[in-house]
Amino acid sequence: MNRRRFLGVSAASALAGLTGSARGASAHAAFDLLTLAQPDLLSLIGPQAVRKIGLRYRALVPSENEVHALYTAILAARPWPSSIAGLVEQDFAIGRTMVLQGWVVSVTEARQSALFSLLSD
Amino acid sequence: MHIDARTLPNGSVLEADLCIVGAGAAGISMALEWIGSRHKVLLLEGGGLDYEAAMQDLYRGESVGLPYYPLQAARLHYFGGTTGHWAGFCSTLDPIDFEKRAWVPHSGWPIRREDLDPFYARAQPLLELGPYEYGAGDWQRRDPTLVPLPLDPRVMWTKMWQFSPPTRFGARYRAAVIGAPNVHLYTHANVCELEPNESLRSIEGLRVRTLDGKEHRARARYYVLACCSIQNARLLLASNRRTPTGLGNAYDLVGRFFMEHIEMPGGHLALAPSRAMNTKMYAMEFGQTKARGELALSAAVQRERRILNGTVSLEPSAPDEVAKSTFEWATPELLAAFREWEAHGRTGPPPAGLPAPPPPGSPLFFHLVTRQEQAPNPDSRVLLSTERDALDMPRAKLDWRLTALERRSFRVRYEVIGRELGRSGAGRVQLLDWVTRDEDTWPGTLSGGWHHMGTTRMHENPRLGVVDANCRVHGLGNLYVAGASVYPTGGAANPTLTLVAVSLRLSDHLKRTLG
């Protein structure tokens, strides 16, 4: 099973656990879990590094150590830019960054990485 | 003309208008300025025209502070000085380097960057550099294929460096110096003591020794110490026959504020595919590249974050997870073929089996290597050792120290660079593990740039500096110091270009003074 397909299966089961209210709480339900769990970081630093970043974030922020909380946290960003990439850029611009496993990443990327790690565990 | 001091009768007296002690980049730059003038110039060099182990041993010393290179390896003691093995990296100090910065104790020069600009321009050809242009835009106009990263100038900029061939002053300027009728070069002439007059207000002469036991005197109207930061301080401190603390040291400043550049890797950069197509502006091939850029933080960010100046270079790499040395990935046969190909100057097609370049659309990985200034620190210093050299002169003892500001600046620099490269979409930065730790200690890999600065620092107030803005030693009317030892702060740029510029400025001052 390739990674994307594997993630697709994992995401489907994870999404099944999301409550309707959580999904409805966001005006951006168009962002499916699979998309959110595929940070652009993957193409830059590879899945192993992204997974380590995600694990570190989950250890540092235990309240977001599950799919639902991460999904909600990512989509709760305001003001909402036109894309996840825009959200990441906005994070960097306002200094909403973290240093995880040494990597300077945006908080959105950190959460995306956490999702990636959860769904690929 | 050139005379080996060992051939002089013992007790010879050498006389001139100007006596320059030390024939490295500073001393030779100055001497060249006086060729053809009506003034007689003595240029005293402790070593010979070429490297000699016995002369080099005179630079051996103790190191009692942070781990440091052997002192006899860090400076060369022969005609041409340390340009005999320098790498040729040149850049200017930034305007902020000359300012008094509230968060950097003891910072601030008594001159501004604009005061040095004309001398930087004059120093360029001496170091066989290109035009006096250090803007990324200047170089991009010359070569449109040099494209800087898309940085917000309020946060970061591309600081340009130029590369000297590198100029070996000893070889490059030997004929000019020796052929000058009014410049008298004496080699193997080691100045062991400065002799002040009765009132201790000027220098009357220099005691010069040779390894074969001869002792001479040098007398001049004006003297310039141009022996490098450690040796300038050593000579002033060791001239303690009349004043126990040495000359120019009324306020216990000589030897203090020794500074280095902290030069070591600090992180990695994964450069986005969209930017990876052209990194030529940041690349350097030794002996080929004329100029390249390094990443620097704006003065505004340095002020806001209260950090020291520094730059970061991009050195090609692979991500650590997949990095392997040539010896790991290559078969013995391929390795042999590769060596053969290199031995023949890489002519013809490369051997089959070499790794292919990354396909288009791949990220590029770089090591990020820092050069950072050190905050002036009175406890970082050169002292006299109890051990003596073959000329019976106390050896130098170096106590190199750093403060928490250097450590914090190192970390913050990478965090800011990481944010800005992330914001611009250029890529992502990873800090090395030790950099991320909020500690004051340094790893075992701590290393300097082999740059020595600051032991006779420049300040208008004699209580705060050894020399004044004209490089004259406070309290001594005819003694000057040339070289990086006069730097109050070291900035991020390697010191040679600036020390030549400062020496040319001093030379102009002395020409006006001598008339």
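Visitor: In what order do the elements of chain A run from the N terminus on?

Guide: From the N terminus on, the elements of chain A run α-α-α-α-α-α-β-β-α, which comes to seven helices and two strands. Helices (H or I, at least four residues) and strands (E, at least two) are DSSP runs, numbered from the N terminus. This is a predicted model, in which local features need pLDDT of at least 70 and side-chain atom pairs count only at pLDDT 80 or more, while totals for chains, interfaces and linings use all residues. Residues are numbered from 1 along each chain as its sequence is written, and chains are lettered from A and ligands numbered from 1 in the order in which they are written.

Visitor: Why are helix 6 of chain A and helix 7 of chain A called oblique to each other?

Guide: Helix 6 (residues 84-94) and helix 7 (residues 107-119) of chain A pack at an angle of about 130°, with their axes 7 Å apart. Angles under 35 degrees count as roughly parallel, over 145 as roughly antiparallel, 65 to 115 as roughly perpendicular and the rest as oblique, and therefore helix 6 and helix 7 of chain A are oblique to each other. The axes are lines fitted to C-alpha atoms over the stretch in contact, and the angles run from 0 to 180 degrees between N-to-C directions.

Visitor: Which residues of helix 6 and helix 7 of chain A meet?

Guide: Ile84(A), Leu87(A), Val88(A) and Asp91(A) in helix 6 meet Val107(A), Thr108(A) and Glu109(A) in helix 7, where contact requires C-beta atoms, placed from the backbone, to lie within 7 Å. The residues of this contact divide into four nonpolar, one polar and two charged.

Visitor: What makes His188(B) buried?

Guide: A residue is buried if 20 or more other C-beta atoms lie within 10 Å of its own, exposed if 12 or fewer, and partly exposed in between, with C-beta atoms placed from the backbone. His188(B) has 26 other C-beta atoms within 10 Å, and therefore counts as buried. This residue lies in the loop between strand 7 (183-187) and strand 8 (190-196) of chain B, and has a positive phi of about 55° although it is not a glycine.

Visitor: Why does Leu200(B) count as partly exposed?

Guide: Leu200(B) has 13 C-beta neighbours inside 10 Å, which is why it counts as partly exposed. Its place is in the loop between strand 8 and strand 9 (203-209) of chain B, and its phi, near 60°, is likewise a positive value in a residue other than glycine. Most residues other than glycine have a negative phi, and most peptide bonds are trans.

Visitor: What makes Pro165(B) exposed, and which residues does Pro165(B) touch?

Guide: Pro165(B) has 11 C-beta neighbours inside 10 Å and therefore counts as exposed. Not counting residues up to four places away in sequence, Pro165(B) touches Gly88(B) and Glu128(B). Pro165(B) lies in the loop between strand 6 (156-163) and helix 6 (169-172) of chain B, and the peptide bond from Pro165(B) to Pro166(B) is cis, with omega near 5°.

Visitor: How do you know that the span of helix 4 of chain B is close to the one expected?

Guide: Helix 4 (residues 113-126) of chain B has 14 residues and reaches 20 Å from its first C-alpha to its last, close to the 20 Å expected; the expected span is 1.5 Å times one less than the number of residues. The helix bends by about 30° at Phe119(B), the bend being the angle between axes fitted to the seven residues ending there and the seven starting there. Phe119(B) is also one of the buried residues of helix 4.

Definitions and conventions: Two residues are in contact if their C-beta atoms, placed from the backbone, lie within 7 Å. Ala, Val, Leu, Ile, Met, Phe, Trp, Tyr, Cys and Pro count as nonpolar, Asp, Glu, Lys and Arg as charged, and the others, Gly among them, as polar.
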